[in-house]
Structure formats: C-alpha cells, structure tokens
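Please open the model in the viewer and keep the selection panel at hand.

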Protein chains: 2
Amino acid sequence: MSPATRPTTHRRLHLNAFLMNAGHHDAAWRHPRTQPERVTDLRYFQQLAQTAERGRLDSIFFADGLALWGKVRHNALGGFEPLTLLSALATVTEHIGLIATVSTTFNEPFHTARKFASLDHISGGRAGWNIVTSGTVNEARNFGQDQHLEHRLRYERAREFVEVVTKLWDSWEDDAILLDRERGVYADTDRVREIGHRGAYFGVQGPLNVPRSPQGHPLLVQAGSSEDGREFAAEYAEAVFTAQQTLADAQSFYKDLKSRLAQHGRSEEDLKVLPGICPVIGSTEAEARALDHELTELQVPEYGLAQLSGMLGTDLTGLPLDGPLPELPEERDINGNKSRFTLVAELARRDGLTLRQLIARLGGGRGHRVVVGTPEQIADQLQEWFTQGAADGFNIMPPHLPGGLEDFVDHVVPVLQRRGLFRTEYTGRTLREHYGLPRPANRLTATASGTTGAA
Amino acid sequence: MSPATRPTTHRRLHLNAFLMNAGHHDAAWRHPRTQPERVTDLRYFQQLAQTAERGRLDSIFFADGLALWGKVRHNALGGFEPLTLLSALATVTEHIGLIATVSTTFNEPFHTARKFASLDHISGGRAGWNIVTSGTVNEARNFGQDQHLEHRLRYERAREFVEVVTKLWDSWEDDAILLDRERGVYADTDRVREIGHRGAYFGVQGPLNVPRSPQGHPLLVQAGSSEDGREFAAEYAEAVFTAQQTLADAQSFYKDLKSRLAQHGRSEEDLKVLPGICPVIGSTEAEARALDHELTELQVPEYGLAQLSGMLGTDLTGLPLDGPLPELPEERDINGNKSRFTLVAELARRDGLTLRQLIARLGGGRGHRVVVGTPEQIADQLQEWFTQGAADGFNIMPPHLPGGLEDFVDHVVPVLQRRGLFRTEYTGRTLREHYGLPRPANRLTATASGTTGAA
C-alpha cells in the first residue's frame, strides 16, 4: 500500500465480531435473552451480520472444529460449516468482512484456495481465512487417524499449505481474461499458470479453476499464540486473534509479535493484533455485574469441568469443585492448544482460584478477557489497550446473542466513535481496505519470465 | 412415502436446470446474447436461479471439476465452487432445489456430510448432492497423485463414502435437541451417536457436528451411466442425470436402471431418470435452426478437437477436420467417463460423421441430446420421451444463458403446463417433495438398541 492511502495521521482501531450460536458464555443458551432454538436458522445469523454491519465493524468471524465440541448435553454446539454460512451472509450485507476458520491439518489446499476465492468473488472482496492447525484427537478420528499430528508438524504442514494456497490464488493474473469474442479468445493462456508444487505434504499442479479474486488474496488470519504459532503468524498472518488476560501480558505479546515481522521483510503495519474481549454490558456497573452473576449462576459445573479438562489436557472429573487445581503437565507435553493451556494454568495460579472459581472465570470467554461494565467503562478498557501498545483492535465476543452484540453496537461503538477511535462510515469496499492492508501483488507474475502457459 | 402422498393418479415430469456459465454450447460466450463477463458475478447466478424458480422447475444444478476444464484459451470456464455458490443462491430463492456436484475421489466424507447438511439447513431442505467419482488425471494431479484411481476402485470408494456420509447425517436423531433451559440440558445424548466407521478407505468416528437437516438426507443424485455407474445408481441414487441420443437408447437405459432397483429393496418410483436435453428454441423452426447454425459457426475447431480428444481418450491433434475418426480404444481401456466415450464413439460411427461434423454435433450438449425447434416442438419431444418409458423428467441444458433459460421458462414450460405435464405451482417445500421422494428414516435410530450416547 502506498503511504498516501495508509492512515498514518490518525490510527483507528479495528473491531471483529466473533459470532457463536447463543453467545460466548457457556451458559448463554439458558439465558432468557438468547434464542438457542435458532442456531440452525439462517435468518438468525443474517440478523447478527446485519447488526455488526450497522455498527460499521470490520468483520464477522466464525470459529470451527471438525468434531462435535464438548459435552453436547449442556451446550448449544454444532452448527453450520462456516464457508457455506458466510456465503449466505454475503448476500444480505454490503461492506462487512467475512472470516471463516479452515484447518490446514484436515483439508486439501486446492479445495481451500478455491472456496475462499469463491467467497471473495461472491462477496465482492470481503473474504478472510482464519488458519488453524486443529487441536483435538476427536477431530483426527473423523479423518481416519487415531492420533493427532504432533504440534510442530502441524505447523510445518500449515506453512506448506499456505504456500500452495497463495500460489493457487496467483495462478491467474488479474487481467488474464480477454473476452475477445471476435477472435474467439477467452483468456490469455500466458497469464494462467500451473504452479507445479511438489513438497513434503502436497503435490498440486494447478492452475486453480477460479480467476483471481477481488482481494487477490483473501485476508490471512491466525489465532495460535504458542511459539510455533507466533512464528507462523509473523511470516503469514495479517490479523491475529489472541487471548490475553492482562495489559502487561498483552503488551508483551504485541511487542514480541511485531518484533518478529522485520525478519520476514514485513513492517509492523502489515499485521494487526486483535485480543479477544468478552464485554458484559449494563447501563450501570451494577446492572452489568448482575448480568455477569446471572450467567455464572446458569453454568453447569459438570460442563465447565469437562471444558477445563480439555483445555488443560488433564482429566479433572470427580475432583472437588472447591479445591485447587491438581498438578499439571508442562506446556511442551501439550499437543493441543499450547498457549491456551498456559494462559489458563497461569490464571489459576496467579489468582489462587478453586476449580469452581476458575470455571466461573472461563465461562464468558474460554480464556479470553471478560470486561464487565457500562459502555463508557468498556470503551475505556479498549482505549487503554489500544493506546498502550497492547492491541490494534479487538475480537469482540458477546457473552449472549443477539442482545450482547446489539448492546455493543448501539452503546459501546458510539462512545468509540465520539472519541475518534472508530470509523463512523465504511471508507473501503473490501476487508483488506477495512483493515488498512494492501492488495497483494501476484507473486507468480513477478517470477514468471520464461515459464510457459498452463492450459 | 405413504401411498396417500404419492401422485399415482397423475404422473408429472421433473425439470432440472443445469446452469453453466455463459451456456452449454461451447461457443456460447461468443454469442451476442450471453454475458461471459458476469461468470464471477453472483447476481448473474442469482438471476438465473430466480428465472428457474419462476418456471417452477424442481431444481438447479452445477457440475464441477477439480481442475481447470479444457482449453481456457477458447472458453469461459472456471468459476465458483458449487456449494459456496448454492448457499448464496439459497438466500434469494424460496422453493427451488439446489444440487451441487462433489467428488468422492478427492474429498473426505466428514466435510461433505457437513457441507450438505449446512446447505440443507440454510435452504430449508433444498439441498441435493450430485455424486461423482471424477474422471481426469488433471484432477488427480491437484491432489498429490500422478495417476487417476482406477474406475472400479473409484466406485468402491464412492460406495463407502456414501455409506459414511449417510450415517453421519443420521448421527443426530431429529428430536435430539431438548433445549431444557430449566435443567440445563441442551441435547439428549442418547440421541446423538458416534458412527464408529472403519472401512477400507475411511475411518470416521462421528457424530457429525451439525444436527439432522430438514430433509434428513439431502437428495442423492448420480450421473455415471457405465456398468459401475448404473449399479451405484441402483443402490444409492434418487435422481440420475444421463446422456442419451435416441429414444431407443433412452428407453433401454431407463428400463435397465429401473430393473436393477428391486434387488436393493427399492421400487421404481424411488429413482428418477432425467436425460439431459439442450433445447435450441426459436419462435419458428427456421429461427431455431438459424440460432443453432449461428452457434456452430462460432465454434473454434481447435477447442472442439481438444474436448473431443479428452472424451475419447485419444489425441486427435493435427488430424484433418473433414476426415473420419481414427481407430479408437475399447471402453474397458477408458479410465475416465466410460459411458460418454461409448456414446460419442457410437454417434460418430452410426451417422458416419467427420471430425468437423462430430464437433458441431457435440458443441451444444457435449454428448447430450440437442433438440432444435419451436416451444411446441420441444415440448413434443419431452412429452414423447416422458410417456414412452424413456424419462421421468429432464436435465435442461440451455445452449446460451441467460436467454436460453428464459426462453425455456417463458415458452416451453407454459406448453407443458397446458398439457398437464408439469406443475403450475410448487406444492412442496423441499427438494424431496418436488421430486415426490420420501424423507429417509434415521437408520441409526432403527438399529440403535443397546448403543451408548456419544458425547
């Protein structure tokens, strides 16, 4: 991006709405303000997307797993495949970005490149890919594997996967289609190329069977905060979702991640750091605290314990809820989400929490920061992190839906706008433009001298 | 389905609109009535879907391949991934069925089950899956394979694939979700089951992470007409797309396929046979013939020869266009689309066609029957096949789009309606209801006594 179009004079924060069924709080579906009977109703998600767009948010986002999450007995889990869903949401929105999670461990790069290119065309340049390596053995067991691929190898595969996908996105030049009806020439075959990839994990000839999409490359997002995850993010990611409990931890993560960019020839503006935040909003602080208490009271401890067992890689079944955490393994022995393990273990240790207290603390954001207060108080917290070197924006995780998103859009966003921290209108058309990120040049064009056409 | 709801008194035909970029004729994009610049514009396909729905057609359908088809130099190929596209079309239509092609050779059953379940939820019960085994080495080369899996093994894999997918669709009972807010019980885990599949090609634990969809099983469609393809269709398919050039061949295929159903415990009504037809429509016969001639004149022989080489598994480059076909291999030596090979070889032999003449004959329908005439004449042809034991309906392949579909809907459909052969209003809500097919019972429920809950 040229300096002329980059907003150097006035830094503004970026907001992503992380949508999840009845809400992020694990007891949300039991709350009278939610509509869990609608989690397979497209119109429910269309309304959420439109609410987020009304708030001028940068994007909406769906997490994903390839197995049934957690204990279905106690939570409204399971639902739409994210790309299918986002495609249906693209048609009822005009500006907001659409970010889908797709695993590099259980997919093929050709399919993944194609689906995101399709979504990018369908949405007029609003697609983003949250790249995950998947963390559970239950997912592996749905794909013919008894064990989950080792953490380091998952990232090795992810690297090659992203290399192949971006090459496929570049396999058509932007101006490859000629449409010369008179001469009968549809495309310039010198501008459509095989990629001829042969690597450790994939062999992909190409070209892709979709022309280059409006953004060139759909936005690359990443969410792992382990050492492997940070290195991967520094090389490829343009936005990073992360769970951070304290300002100091968030500053440290932010600084660390930004400092890794130069070695990959990237600048600090090329990657946006977006910590997750679960805003529990009330018109008074007392009202917010009452809502937080109400949600905690609705938690099913058995469910919380199962979730916690998963996060900590340790079976906690049967332990007394009012006792402390047992001895835990080291992060190096965790083959799931390493950074979340460490965050939760440190949270319990630092605040001396019992199991019951820890379950309550994790209920709203599964390790992400929960902020309870009035719209002004929540805006204060966002502003502090944004101006103190801890965040470029936030991944907003409403504890209950649709109300928690409506409250954020109608009450917190206007405060941020009044303070000049957030846009009042969309100024761009594409997701990249919302995040102030450039449209990537075609790497295959740059290196193509002497190669031959593909088709 | 109960006899009460099956239309035994009055048999009506079924119509599927097979949509393809600028149209099915390989020179369509050069014709002034087409809009090839819009093949990556969602609104173009939304308008096509709405046109088909205005005609009360049963469904729309997209073919698919996992490599760039043919010579991109001369045709408007490549485009949206079908499921992503159909999801976006679901939101602007209310009744019409949405059929996507997905290959069993280059996909995983868990992903495929989930995406079709998602589309079925998103569309309110309008999803259909056209099951293909993929036929080209260029597709294999995009998935790490140098050679294409052998035809028989592709069907062996397809059988297991479909078994796994249908089990996953049944892994949630219809009434598994309880939503008991008071007791904190979201789902009855006795009604959500692992499938525990371990077979030659796949190991899939399940359950699916999507509740059972409106149709129970999205409609199963199949399009291979080889011996392997027919056996597969007889066991699994509920609608079959097929290419048939003559009434006698179509009758023979129809009878053969229907006769294979009983051995799988199925009745003749459980499977609909839908031959493809490319209608070249004019308000007079002379006008229709002029349009057909105009499209033929726009063909690029080099492109036609490349397509023909692919269909016949024989390199025809450099052969004189006005000469005969060379010696061809036997069907048993073809590892691509066996039935299409045989159809094309027989067409050339029967009518003594030169290469140029064969290319012209295949230009409109790639082997599917082309009917040139007035709306009345085309309706006559459909009626003849429908009443003479050759078809339960048709796969309509307009030679040019959007005009060819508009002409069919506005001029041919009314003739069929006046003759009482086609619906004047939708009477059902789901794709299965349009085709008069029952909603499948949950097979896992029936056999579940003694199994334990999954999650």
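Begin with P402(B), which lies in the loop between β13 (393-396) and α13 (403-418) of chain B. Helices here are DSSP runs of H or I with at least four residues, and strands are runs of E with at least two, numbered from the N terminus. The peptide bond that leads from L401(B) to P402(B) is cis, with omega near 0°.

The model is predicted: local features need pLDDT of at least 70 and side-chain atom pairs count only at pLDDT 80 or more, whereas totals for chains, interfaces and linings use all residues. Residues are numbered from 1 along each chain as its sequence is written, chains are lettered from A and ligands numbered from 1 in the order in which they are written, and side-chain values use heavy atoms, with hydrogens and water left out.

Select next L401(A) and P402(A), which are joined by a cis peptide bond with omega of about 0°. P402(A) belongs to the loop between β13 (393-396) and α13 (403-418) of chain A.

Two backbone torsions follow. R56(A) is not a glycine, yet its phi is positive, at about 65°; this residue sits in the loop between α1 (42-54) and β2 (59-62) of chain A. In chain B, select L179(B), a residue other than glycine whose phi has a positive value near 55°. L179(B) is part of strand β5 of chain B.

Now display helix α2 (residues 82-90) and helix α3 (residues 109-122) of chain B. Their axes come within 9 Å and cross at roughly 10°. The axes are lines fitted to C-alpha atoms, for helices over the stretch in contact, and angles run from 0 to 180 degrees between N-to-C directions. α2(B) and α3(B) are therefore roughly parallel to each other, a term for angles under 35 degrees. From α2(B), select L83(B), L86(B), S87(B) and A90(B); they meet K115(B), F116(B), L119(B) and I122(B) of α3(B), where contact means heavy atoms within 4.5 Å. These residues divide into 6 nonpolar, 1 polar and 1 charged. Ala, Val, Leu, Ile, Met, Phe, Trp, Tyr, Cys and Pro count as nonpolar, Asp, Glu, Lys and Arg as charged, and the others, Gly among them, as polar.

Finally, colour the two chains separately. The contact between them takes 77 residues from chain B and 77 residues from chain A. Together they bury about 6200 Å², 58% of it on carbon and sulfur atoms; buried area is the accessible area (1.4 Å probe) that two parts lose on being put together, summed over both. R73(B), R181(B) and Y186(B) supply 12% of the area that chain B buries against chain A, more than any other three residues.

How many salt bridges are there between chain B and chain A? The count is 4, each a side-chain nitrogen of Lys or Arg within 4 Å of a carboxyl oxygen of Asp or Glu. Select D64(A) and R114(B) for one salt bridge, whose closest N and O atoms are 2.5 Å apart.

Note on methods
Angles under 35 degrees count as roughly parallel, over 145 as roughly antiparallel, 65 to 115 as roughly perpendicular and the rest as oblique.
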